[in-house]
Amino acid sequence: MFKGSNTAFVFALVVIVHVANAAISSWFGYLSPDSWAYLRLAKGFQAHLYPTLDHGYFAVFPFGYPFLLALTSPGLDLVHTAIASKFVNALLWISTYLFLRRLRIPALLAAALVITPFSFTISAMTWSENLMIFALVLTLAGIDAMHRAEEHPTRAWLLLATALVIGISSRYVFGFVAASFLVAYLIAFRARARRDVVLILLLSGVLFALYLGVNTWLTGHSTGMDRGPSTDPLGYQAFTFASANMQLVFWAMLPFAFVALIATRDWQPRPLALMTGLVGMAYIAIIAILRLRNHFDPFDQRLLGPGWLMLAIAIALTARENTGVTRQRIAAAALLLMGLWATYSAHGEDAIDLANRGQLRTSLVATMKSYAQAFTPGDDDAEAVITVETPWPRPTVHGDNRLYYGDLDVFEPLSAPLSPRETFDAFSTRVRSSKIDLTHCVVDFSHFASDDELSDVLDDVYPTSLTTEQASFDRILAERFHRIFRARSVVPCASFLDGTPPSR
């Protein structure tokens, strides 16, 4: 095995690169709409001791990741909680490495699993996948502990039970993956399967069902909202599924395989490896089925990546480390280079973009301080605003209408592919049905200097295959915005809703 100072070097490398990744991420920001929701849920936990958003129980996202952020950011405001989240993510990935080592995966291979462009990209974002990936590996460690005679049974039971609770509270998909763990465990271990492992996995299913039941009782929906049927063409689904998997082969599997081929002496099948591989395939299949049935984010590395990581772990579980000193040094050098590559792939283009905009030396805190409530409606009695898109503080931070527009009611049309494309009639009905006073409502064009800038948003397209594209916004809705556009200005909402151009 890879021992002594060499193992310490690998662990130190894992710590250094993930802390560095967290530091860069905390400076750049990397916040999506989901990230803002997690951060506000964390503040809700701190204020009310339960997941609350908009003064009510919130279940669109499970509570586990916001609860972790709440525990690790007491007394911090929203932006500083975002910064803290990057270092929490780093700690989760470092802990994932340690539990991979506990599974008797060689140090170089365990490090190669957590130092990839995929892992750095996920760790950079304030996303619950960081916690779920940790829970997946912790579940493997719990099952492995149950089968190791030297482990105290009670400690092993607690480890597995804790892993499953963390997983179920991190992402709803984990509840279905827990069922695949049970099936895969019975297939892989066969006669050696332990009844207590089966029982704990079954009880996790009961716990998941109870959690969904509580959500249904409090919100009317098992996952907090009506997740409507997918409206995307099958061709688009197939294209994005294939594209995301190809990216993951390049960004997750090939970097690991490169180090594994150098560092590994031979391969030895293990039931745990077979189980892990089956769970990885099941994860990808579960995501595919759910996405074909329901509309949510398109297939991407975030959705499918944990499944591919499980496949890579399955390979690592069969590996025996090459004890040759030369090969160890080559593999360690390759790992160091991979850390640099992963850092550039996660941050390089963003750093160049921010530098070109003159924002590279500006911290997230300074950026958000000037962003908060920056909008001036031009009407002291304004109640609501319609916007094509809430301005982004910087290219790495998604706009947040609560911060930018303050207490105003904000109406933003839904666009594909993240949401079903909202027609002009549907959007108009949504605005009018809100009972707002249209005489105190404005359409915000203040962040657009020209019609060309507006077109960059309204006329955006997304690929549906290698040769075809579709518009993100409804055509009639886009035309109505163009018709009433006034650069660096606000116009009355009535002009947009009724189609009457505003006076200049």
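## Thr390 and its polar contact

In this predicted model, the side chains of Thr390 and Glu412 are joined by a polar contact of 2.9 Å. Thr390 is placed in the loop that runs between strand S5 (384-387) and helix H16 (401-405), and its relative accessibility of 2% means that Thr390 counts as buried, the cut-off for that class being under 20%.

When residues up to four places away in sequence are left aside, Thr390 touches Tyr371, Gly399, Asp400, Asn401, Tyr404, Tyr405 and Glu412.

## Aromatic pairs

Across the whole structure, a search finds 26 aromatic pairs. In the pair formed by Tyr404 and Tyr405, the ring centres are 4.8 Å apart and the planes stand at 90°, so this pair is edge-to-face.

Elsewhere, ring pairs link a cluster made up of Phe424, Phe427, Phe445, Phe481, Phe485 and Phe496.

## The second largest pocket

The second largest pocket has a volume of about 370 Å³ and a lining of 13 residues, among which Arg357, Glu389, Pro391, Trp392 and His447 lie nearest its centre. Sorted by class, the lining of this pocket comprises 6 charged, 5 nonpolar and 2 polar residues.

Terms used: Residues are numbered from 1 along each chain as its sequence is written. This is a predicted model: local features need pLDDT of at least 70, side-chain atom pairs count only at pLDDT 80 or more; totals for chains, interfaces and linings use all residues. Side-chain values use heavy atoms; hydrogens and water are left out. Helices (H or I, at least four residues) and strands (E, at least two) are DSSP runs, numbered from the N terminus. Buried means under 20% relative accessible area, exposed over 50%, partly exposed in between (1.4 Å probe, protein chains only). A polar contact is a pair of N or O atoms within 3.5 Å; within protein, one must be able to donate a hydrogen and the other to accept it, and residues adjacent in sequence count only if both atoms are side-chain atoms. Contact means heavy atoms within 4.5 Å. On a 1 Å grid over the protein atoms alone, a cavity is a set of points where a 1.4 Å probe fits but cannot get out, and a pocket is an open set with protein on both sides within 12 Å along at least five of seven lines; lining residues have an atom within 4 Å of a point. Grid points are joined across faces, edges and corners, and a volume is the space filled by probe spheres set on the points. Ala, Val, Leu, Ile, Met, Phe, Trp, Tyr, Cys and Pro count as nonpolar, Asp, Glu, Lys and Arg as charged, and the others, Gly among them, as polar. Rings of Phe, Tyr and Trp (its six-membered ring) pair if their centres lie within 6.5 Å; planes under 30 degrees apart count as stacked, over 60 as edge-to-face and the rest as tilted.
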